[in-house]
Amino acid sequence: MSRNRTQAMLFVALLCLDLHARVGSAPICPHGHTGCHILSLADLFDRVIQHSARMHGLSSDLHSEFEQYFLPSKNHISRVYRKCHTSNILTPNGKENAQKLAREELTEVIMKLLMAWRDPLSQLHQSMAHQQDFNSFSSNKALEMSDMVHELRKGVEKVTEKMQLLGMISNSVSGLSSPEALLPASESGEALSDYELLYCFRRDSDKVQNYLKILKCRIVPEHGC
Amino acid sequence: MWGDTTQALAMMFLFSWIPHYQSAPGQPRITSCRSPEKETFTCWWEPGSSEGLPTTHRLFYNKERSDKVLECPDYHSAGNNSCFFNKAHTSIWIIYNITIVASNANGSTFSEPLEVDVMDIVQPHPPENLTVTVVGVEDNPYFLVQWEAPHDTDTRSGWVTLKYEVRVKLENSRQDQAGEWEVYGAGKQRELSIYSPQPGGKYSVQVRCRLDQGLWSEWSPAAFISVPNIYLKEKSVVIFTATTSAFIFLLTVGILVIKRKHVKHCLLPPVPGPKIKGFDAQLLKAEKSEDLFNALTSKGFPLAPEVPDHVDYLVVVDNEEDPEGTGTKAPQEHPEHQKTHQHSSSDPADEFHYSYLSTEEQLNLIHTDRWKRSVFVSDCQYCDPETTCGTRQTFTGGAQTTLQRPERDEGGSHSTSGKTKLKNFDKDTVSTGPNGLEEYVDVTDRQDCKLKPTTEEEEEGGEENYSKVSGVYCDSVLVLQKGSSTPIQTLTKKNCDDPQKKIKGEKPSTVKDLSNTQDYVGYV
């Protein structure tokens, strides 16, 4: 009898610990303490921004490797007419445009971008792994990139929730739970090549990074802006 | 599809195909495009050959997914042969297709098109207001480097993130060559502390920056700083102390070296050698055995009066078994001597028996000063009866004295040898002159190895002592001594291992001064 009880108590203790871990390293503040929450939001933003910076670095490396080994000619005419599958998503193309955008919209754009790349990146990794031309290092990078997009999306979701919780943005952010299953295809319907995918992703990861920074300095400007 | 753009382009192509005697301008080339803050950008080109005619250059571009051909909005803000795109005309994450057209009176020339995305050409201006100061306590100074972001970048809105790098170089390094640059990453901060600068060194510091993962800017203009040399005072003290200790050390070493014998004697005292009372090594060196042995035997042994000119030699032959022979011979040859011999032996001992010769006087009687003889010195290496040594020996005087000891029982061989000896003697012409001193007779020594045996007896007992015998070697060597002041010694059996050696050892003295020789080796 006592044995069962001790086991049950241990189990409960473990659960509690687990719950604590999930909550995160943010200081435990009673609900409504704004100072406590804002600090943690800034930390969250910092983490997410670091994450996106790392993701962009990876994509740049992969792209330059690709360009170095497979496309010696710089003047690739088809480049001008290339179209990424995310081109349909309206994204601000400059600082002013991004600043003009509302917080919610900006957040939404970020989320859309991240969601749009979840499947294509895993496809990219698979195709790279199968091809003999790529070394394992590049293939691992692609896999890491794919995982990062996944993590980043979750991170941004958390930030959004936090912001919504704090009332900084309205609850009108939509499209978070329903991913748009966009297949990466050009206008003519052909599937994009690996190189084109890499180029598109490199561009989009840079967008995400910039948008997140703008968002952070707009919402929590006192920390490092 | 075939919009204005294509028409314009077609027109231009047509124009370029028109033949002209004067050529169209050379092809221009776009050199670079740069965006300093990710909000605007500028492109520069270089014109081709102008052919002497006034040439105009125009920049045309079109954006991605748009066919509209646009011309450069600003040809002047960035200088000659440049095109400046302001914020309104700049779109990030969009590919620009840019072409330069150079045209003169004769025609136009198109440059190669350039595709550029502003995201890829971001290169900021170098940081500004670089200052370096020496901060810290005297014994632990460090550099504090401070700077500011380039003025045109917007960091407040978070649009761009600047990262910095600082590099430092020692200007007056001792190797007479420029020092190497040391690069330090400074992250996003706008100051940096560099520790442990070299005292008395002169440094130059530079800083550069970049936006996110963009291109690094140029290095800022260098700032110079000199570190005060605080170690001079300490150095002089250290040098002085080092010099003094080195001097003292050298002095000590020098003294030790000079007095090394003394030190050695002090530290490792020599082991005293064995000392014989009354023995003086110097005398031995001087080869004066008389003095030497005098010193040695001053106590117990009577000193014989010196007979400088007399060399007494004794040839000891054992004639015991054949006393007749000896008796016959002796009297044959030297009957008188023998008689004297016999006569002289007036002591209680038997006629043929000399058990103990204790005094030299007796010996003198026996060996009269009339005789001067040398004992055979044989160079025989081997006492082999068969071989003849052929050594010449001088034999002065023909007298030969034999001491007979009838007591001893010698081996037959010995007596035989003794006889043989006598025989040998007989063979040789021995004659004595009137004084017995002057005559020299060559005696070929044959088997002197057979000479001997009495030595053995002496070794065994001690009953008969031959005072002149200084040593016995093995069985066949008898060393006799010079008469005068030599004390009587008991014979001792010496080590027979290497008789030659010992003989040789004594030989030098023998060879040097025959007249004064002390030891003669008689081979028996």
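The contact between the two chains draws on 27 residues of chain B and 30 of chain A, where contact means heavy atoms within 4.5 Å. This is a predicted model, so local features need pLDDT of at least 70 and side-chain atom pairs count only at pLDDT 80 or more, while totals for chains, interfaces and linings use all residues. Residues are numbered from 1 along each chain as its sequence is written, chains are lettered from A and ligands numbered from 1 in the order written, and side-chain values use heavy atoms, with hydrogens and water left out.

**The interface**

- Chains A and B bury about 2,400 Å² between them, 46% of it on carbon and sulfur atoms; buried area is the accessible area (1.4 Å probe) that two parts lose on being put together, summed over both.
- Trp93(B), Glu115(B) and Trp159(B) account for 28% of what chain B buries against chain A, more than any other three residues.
- There are 12 residue pairs in polar contact between the chains, both at pLDDT 80 or more (N or O atoms within 3.5 Å; within protein, one must be able to donate a hydrogen and the other to accept it, and residues adjacent in sequence count only if both atoms are side-chain atoms).
- On chain B, strands β6 (95-103) and β8 (114-117) each bring at least two residues to the side touching chain A (strands are DSSP runs of E, at least two residues; helices are runs of H or I, at least four; both are numbered from the N terminus).

**Salt bridges between chains**

- Eight salt bridges cross the interface (a side-chain nitrogen of Lys or Arg within 4 Å of a carboxyl oxygen of Asp or Glu).
- Asp120(B) pairs with Arg202(A) at 2.6 Å, N to O. Arg202(A) sits in helix α7 (residues 194-219) of chain A and Asp120(B) in the loop between β8 and β9 (128-135) of chain B, so the pair joins two chains.
- Arg202(A) is buried at 13% relative accessible area, while Asp120(B) is partly exposed at 27% (buried is under 20%, exposed over 50%, partly exposed in between; 1.4 Å probe, protein chains only).
- Lys87(B) and Glu96(A) meet at 3.9 Å, N to O.

**Within the chains**

- In chain B, Glu71(B) and Arg58(B) form a salt bridge of 2.8 Å, N to O. Glu71(B) is in strand β4 (residues 70-71) and Arg58(B) in strand β3 (residues 56-63), so the pair ties together parts 13 residues apart in sequence.
- In chain A, Glu65(A) lies in helix α2 (residues 34-70), and its side chain makes a 2.9 Å polar contact with that of Lys141(A).
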